[in-house]
Amino acid sequence: MLNRLEAQSPDALLALIKMHAADDRPDKIDLGVGVYRTGQGDTPVFAAIKAAEQILVDEQDSKSYLGPEGDIGFVNALMPYIFGENATMGGRLAGMQTPGGTGAVRLAVALAQKAGMTKLHMGTPSWPNHAQILGDIDLEMVPFEHANPDGTANVEAVLSAIRGAAPDEGVLLHGCCHNPTGIDYSSAEWDVIGDAIVETGIFPIIDTAYHGLGHGLDEDVAGLRSVLAKVPEAFICYSCDKNFGMYRDRVGAFYILADGQETLDKAFSNANALARASWSMPPDHGAAAVRLILRDSELTLKWQDELEQMRNRMRQVRDTLAEAGVAGSVDLAPLGTQNGLFSVLPVSKEQVAQLREDHGIYMAGSGRINIAGLTMGNIEKFVNAIAEVTG
Ligand code: PMP
């Protein structure tokens with residue numbers, strides 16, 4: 001039976017990790033893998049998480065089952081940070097824990113399809129797993145251009161996708177720090193996008209995996225909040241794996257905004273059933289640690305301070321790249337206005353290969369770079385290599 005299967009191509013980024021590990025040049029630079037790194041190249045466990053994990057070890061008195069919705073204390077504790085003061089929007093908004101942001105996206109797409117969504121409009125390029133999840137669930141994806149060649153958002157493209165859609169279609173937006181382009185909408189642009197969503201009745205799914213890595217916890221979700229304030233219904237997919245550094249612990253949440261309590265309960269019962277039929281219940285540890293941080297003001301401040309350090313470091317790298325200006329045929333200035341962990345350089349696959357072979361600089365074939373792979377010590381080498389390879 002298994003022989004009937006077609007072999008799938010391996011994940012390109014995992015292949016890149018292997019190549020990077022086998023390279024013994026001491027000044028090699030890894031811009032491939034999508035995790036935050038300090039100026040020393042580490043991805044440490046947050047001190048706030050270590051402290052919360054210690055409390056868990058000392059105080060947790062059972063590992064009995066929780067249920068498909070996971071740790072509701074965690075889900076609720078996050079809500080004011082994402083949605084603001086009136087976090088439940090008058091009882092119209094509720095959530096559940098998921099295995100990472102990936103689990104939330106999977107659940108959102110499956111539930112949307114179950115509710116009758118026929119197509120999902122999505123800006124491309126996007127996080128590759130978006131297309132993979134849609135393909136797996138067999139929901140049609142309709143792509144539109146997310147980015148202009150000058151490194152700004154193609155707002156016309158998203159507006160025409162939304163305005164041309166029927167009410168049984170959806171649109172997937174990145175809440176902040178767009179992966180892979182780093183290009184976010186301005187608040188004025190979010191405003192127009194929100195209005196267009198209301199006009200056509202298209203269903204919004206907002207994927208937020210990098211909250212706090214752009215400009216700040218409130219700033220990064222201002223656009224999301226402005227849309228939610230207008231629309232009757234939405235799904236919000238959320239990951240704590242970047243902003244709490246919990247990658248392998250798989251900490252995420254899925255929130256549903258409905259037009260009233262009754263619809264919310266109905267939608268939620270379906271989300272629970274879908275979760276039960278796929279992962280049954282999410283892993284507990286990471287979400288419990290996040291809950292413990294958010295219930296304690298000192299730990300919360302510690303977490304926010306660590307998040308701010310990450311954000312400031314990435315901003316410093318971006319500012320330094322932007323100041324370098326034009327390198328060969330690449331204008332680095334837009335990287336200064338983009339946000340989060342990623343940006344895409346306008347380089348060809350051949351140039352990506354040459355950067356790897358001649359300079360030990362590893363990046364995805366698409367030209368996506370992890371900003372946190374750069375440090376004050378290696379930016380100059382990086383800029384010079386881009387100039388040489390593209391000049
Ligand atoms: N959405 C986007 C846009 C992402 O970039 C990612 C992570 N790379 C996720 C969702 C999933 O995050 P997690 O690792 O929590 O599953």
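Biologist: How many nonpolar, polar and charged residues does the shell around the ligand have?

Modeller: Ala, Val, Leu, Ile, Met, Phe, Trp, Tyr, Cys and Pro count as nonpolar, Asp, Glu, Lys and Arg as charged, and the others, Gly among them, as polar. Here the shell has 3 nonpolar, 7 polar and 4 charged residues. The model is predicted: local features need pLDDT of at least 70 and side-chain atom pairs pLDDT 80 or more, whereas totals for chains, interfaces and linings use all residues. Numbering starts from 1 along each chain as its sequence is written, and side-chain values use heavy atoms, without hydrogens and water.

Biologist: Which residues are the closest to the ligand, and which helix gives the most to the shell?

Modeller: Of the 14 residues that surround the ligand, the closest are Thr 102, Asp 207, Tyr 210, Asp 241 and Arg 250. Helices (H or I, at least four residues) and strands (E, at least two) are DSSP runs, numbered from the N terminus. Helix α4, residues 100–114, gives the most to the shell, with 3 residues.

Biologist: How far is an oxygen atom of the ligand from the side chain of Tyr 210?

Modeller: A polar contact is a pair of N or O atoms within 3.5 Å. For Tyr 210, an N or O atom of the side chain is 2.6 Å from a ligand oxygen. Thr 102 places a polar side-chain atom 2.5 Å from an oxygen atom of the ligand, and Trp 127 has one 3.3 Å from a ligand nitrogen. The protein buries 91% of the 390 Å² that the ligand exposes when taken alone; such areas come from the Shrake-Rupley method with a 1.4 Å probe.

Biologist: Where does the ligand sit?

Modeller: On a 1 Å grid over the protein atoms alone, a pocket is an open set of points with protein on both sides within 12 Å along at least five of seven lines, while a cavity is a set where a 1.4 Å probe fits but cannot get out; lining residues have an atom within 4 Å of a point. A molecule sits in one of these if more than half of its atoms lie within 2 Å of its grid points. The ligand sits in the largest pocket, which holds about 1,300 Å³ of space, a volume being the space filled by probe spheres set on the points.

Biologist: Which residues of the lining lie nearest the centre of the largest pocket?

Modeller: Among its 44 lining residues, Asp 11, Leu 13, Trp 127, Pro 128 and Arg 368 lie nearest the centre. Helix α1 (12–22) gives the most to this lining, with 5 residues. The lining has 23 nonpolar, 13 polar and 8 charged residues.

Biologist: How many cavities of 30 Å³ or more are found in the whole structure?

Modeller: The search finds 1, and about 90 Å³ of space lies in the largest cavity. Its lining includes Met 122, Phe 144, His 174 and Trp 190. Strand β5 gives the most to that lining, with 3 residues. By class, the lining of the largest cavity has 7 nonpolar, 4 polar and 1 charged residues.

Biologist: Which peptide bonds are cis?

Modeller: The bond from Thr 124 to Pro 125 is cis, with omega near 0°, and Pro 125 is in the loop between β3 and α5. The bond from Asn 179 to Pro 180 is cis as well, with omega near 15°; Pro 180 is found in the loop between β5 and α7.

Conventions:
A residue is near a molecule or strand if one of its heavy atoms lies within 4 Å of it. A polar contact is a pair of N or O atoms within 3.5 Å; within protein, one must be able to donate a hydrogen and the other to accept it, and residues adjacent in sequence count only if both atoms are side-chain atoms.
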